[in-house]
Every structure is written in structure tokens, then in C-alpha cells.
Amino acid sequence: MNRRGLLGAGLGAAAALTMTGCGSLGSSDGGGPEPEKGGKGGKGTHGSGGSSGKHVRLIGDGSTADTGKQPNQPAAPVRLEPGQTPPQFVIFSWDGAGEVGNGLFPRFLELAEEHDAAMTFFLSGLYVLPESKKSLYRPPNNPRGASDIGYLSDDHVKQTLKYVRQAWLDGHEIGTHFNGHFCGGSGSVGDWTPAQWQSEIDQAVSFVTEWRTNTGWEDVDPLPFDYRKELVGGRTPCLLGQDNLLPTAKQLGWRYDASSPGGTQMWPEKRQGVWDLPLQGIPFPGHTFEVLSMDYNILANQSKNSTNGMPSRYPGWRTQATGSYVAGFDRAYETNRAPFYIGNHFEEWNGGIYMDAVEDALKHIAGKPDVRLVSFRQFVDWLDAQDPAVLAKLRTLQVGQAPEGGWNTFFKQA
């Protein structure tokens, strides 16, 4: 396998690896990507800068704009009351977040709207940089313009800008998946220093905030947000390099990082002052080991190193993938109420069964009592509003451990 091959499998299996590969595989052009319930208050207008009549202040070259407070956000978070059952938070997130003409970005924006969900879209900076300008990218420890994911066509860059714009107006979060997605070799992101992560982040931000200069397009609407202010977290390629990223993230004022592999379904804590929100091991139907809560890792345990496995296996694999997500949710929901994180890519691996599985899981989860389908940013808003002693108490509950005597008794215990 090359760097764009499968690098992640499950947890606990002897043959499984400990990281995930998030590279684009099998896309049509060789470069495809990778709210509180009832609280969003209606959808935004998908226009150039926000709702009708709203003041728009262009930023820099006009690639982005300050349109005011983000629409469709939940009410300000409040602290849990004594003895109150914690909400069940579920965060659906997307690595790469580019649209390559397969309709997956708008499909899941529509699904989120139907179920009053907010999501996090980790945008790869290269997905808004034309290939003709790839020499602008100087990846650490790699040749100028190199990337282990392909650059998008101009039309797909325009579509990506369109749906990133819509996503923000709908109330979703736009994070970062950085740029070139180097998973192996001497240029791997796993070996980057804090200073090199700073360079990578600066470049990702510049590609998003200077796409108009880089493309020359004057007839495309600006992104309706100040990305330098909006960006408060990300997920590294291949789930590598978090240790050296965290000092830079803290210096930048990031509030969370979602890069760690092999997490468990427990309440999170901070590392170096940054909330650590790792992908989690969840039950894998038919196996005694657990699988990481990402579409790529489930695929790696089904069709191994192929994104186009035997079509006759697709129905069973889809059922298994859906069952894994549902089992992970049910375990947390019925016990410790630990937040549940699901990672995805806009890809059509194995006939698109993982997209169907994610949709099936979301429909199973949405609408249940106490469930909040939120973005990572909204979740850390809630965490930061809580009593630290309450969060520390929640962290004492292990995976699948319900509070003995119920939540009221649990919180009363010293």
C-alpha cells in the first residue's frame, strides 16, 4: 500500500493498526476528499453573506467576510443541575470536507437539516487551492506543492466553497484537516515539530482566506465568516502528530483537538489546556475486538486494503457498519452518557455503504430524549460552562458503566 492506502483498522485485533488513513481513495478525478435538539431556531439563508439585509464586511481580498454572529446556534449552555442526567452528545465530523461532484456534501447538509443536527466539517486547505497554484504550498519535510491527496478541479473547488458557505450558515462548524495529508515516510505529519505545525496551519488558513487571490474568481461569493476567529480545532491527517501539535494549538488559542486515535467512550479531559476529543473504540458486531469510530477503520476490517471489495458483501458490511455505530451510541446512552464521536469522509468506498451506514445511524440516534447532535465547538462550549468538579466526577465512570443508584445518587456521593 502507498500513503493513500489503508492505514487504519480496528482496536484489539492482532492485525489491526493504531492509526487511520484519511486520504482520498477511488475518487473520480484522483483528488477527491476525504445543536442542541430543538435549539437551532430555523435555518439560515444560503446567500453571499448571511440573512437578507445583513451587514457584510469583507475581509482581506474578499475571500471571507464578517457577517456577524453565526446563525442557527443553540441557546447558551448552562450548568447541570444537582442530580440532573447529563445530555447524550453525539458529534458527526467530516475529514477533508470537499465536494467532488458526488453530491455527498449537500446530502449530509440536508440530512442534518432534517434532524436538527449540527456537525463539524474539517476542511482541507488544499481543497480551495487551484492545482495551478500548488507551488504556493510548502509542506514541512516534503517537496514544494506535494500532497498525498489530490488537488481538486476548479469546478470542484467552487462547489466546495459553495457548500462550506452553506454549512456555516446552517450552523455547522468549519474546522481544519490541514493540507497535504502525509501519512508515511520521512515527511509524515507524525514527525512534524510544533513550528512545522504552525507553518502548516498558517498555510491552511491562508488558502481559505485568500482563495479569491489564488483563483482570480470575482463572481463567487465570499465565505461568510472570519476563519481566523472561527477556527478553534482540527483533526490531523492519519490521526498522527498530536503530541507536537498541542503546544501550537494551545498557543493559537484552540479549544480542542480531535486527532487522537484509540480513545474510549469516557468523558474527556484536557491535554496541555486543550480538550482532547479522540475517536473511540466501539463494539464491532461479529468480533470480540472493538473498531475505531470512523468509516475508514470499519472498511479496513471488512475489505482490508481495497475500497472496492466484493459487491456481494456490501449489504452485510453496511449492516455491520450501522450496527457498530448504533452499538457505540447505545452503550454510552444507556450507561455513562459519555459523548460519542463519529468520523467520516465524503467518499463512495465499497459502493457508498459507509455513507448509508452513517445516515442510518443518525436516524436511529436523532430525536431520542436528552440527545444533542452538536458540533465539536458547541460541545466544548457546554464543557466549559460546567462545574469542573462535576466533570471530574463524570470521568470516574468507565466505559459502559452506569451510575450506581442513578444520576441523583451518583452526584450526591462524595
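On a 1 Å grid over the protein atoms alone, a cavity is a set of points where a 1.4 Å probe fits but cannot get out, and a pocket is an open set with protein on both sides within 12 Å along at least five of seven lines; lining residues have an atom within 4 Å of a point. By that definition, the largest cavity holds about 60 Å³ of space, where a volume is the space filled by probe spheres set on the points, and grid points are joined across faces, edges and corners. This is a predicted model, in which local features need pLDDT of at least 70 and side-chain atom pairs count only at pLDDT 80 or more, while totals for chains, interfaces and linings use all residues. Residues are numbered from 1 along each chain as its sequence is written, and side-chain values use heavy atoms, with hydrogens and water left out.

**The chain overall**

- The secondary structure of the protein chain comes to 12 helices and 13 strands, where helices (H or I, at least four residues) and strands (E, at least two) are DSSP runs numbered from the N terminus.
- Of the 414 residues in the protein chain, 59% count as buried, a term that stands for under 20% relative accessible area, with exposed meaning over 50% and partly exposed in between (1.4 Å probe, protein chains only).
- The accessible surface of the protein chain is about 15200 Å², and 49% of this area belongs to carbon and sulfur atoms; the areas come from the Shrake-Rupley method with a 1.4 Å probe.

**Strand β4 and its partners**

- Strand β4 (residues 88–96) is mostly covered, with 9 of its 9 residues buried.
- β4 runs parallel to strand β13 (residues 371–373), to which 3 bridges join it, and in this pairing V90 has L373 as its bridge partner; two strands count as paired if DSSP finds at least two bridges between them.
- β4 also pairs in the parallel sense with strand β12 (residues 340–345) over 6 bridges, and here I91 stands opposite Y341.
- With strand β5 (residues 120–123), β4 forms a parallel pairing over 4 bridges, in which D95 has F122 as its bridge partner.
- From β4 the chain crosses through helix α1 (residues 104–114) to β5, and this β-α-β crossover is right-handed, that is, with the strands pointing away from the viewer, the path from the first strand over the helix to the second runs clockwise.

**From β5 to β6**

- β5 pairs in the parallel sense with β6 over 4 bridges, and T120 stands opposite E173 of β6.
- β5, helix α2 (residues 154–169) and β6 together make a right-handed β-α-β unit.

**A separate set of strands: β7, β8 and β9**

- An open sheet of 3 strands has the order β7-β9-β8, with mixed pairing, and its edge strands, β7 (256–257) and β8 (270–271), each pair on one side only.
- β8 and strand β9 (residues 274–276) pair in the antiparallel sense over 2 bridges, with R271 standing opposite V274.

**Pocket and cavity**

- The largest pocket has a volume of about 310 Å³, and of the 18 residues that line this pocket, the closest to its centre are Q73, P74, A75, Q378 and D381.
- Helix α10 (residues 376–385) gives the largest share of the lining of the largest pocket, 4 residues.
- The lining of the largest pocket divides into 8 nonpolar, 4 polar and 6 charged residues, where Ala, Val, Leu, Ile, Met, Phe, Trp, Tyr, Cys and Pro count as nonpolar, Asp, Glu, Lys and Arg as charged, and the others, Gly among them, as polar.
- The largest cavity is lined by residues including Q70, Q73, H172, E173, E230 and Q378, and β6 (173–176) and α10 each supply at least two residues of that lining.
- The lining of the largest cavity divides into 1 nonpolar, 6 polar and 3 charged residues.

- Most residues other than glycine have a negative phi.
- C238, in the loop between α5 (227–230) and α6 (242–252), has a positive phi near 65°, and C238 counts as buried because its relative accessibility is 0%.
- L239, found in the loop between α5 and α6, has a positive phi of about 55° although it is not a glycine, and at 4% relative accessibility L239 is likewise buried.
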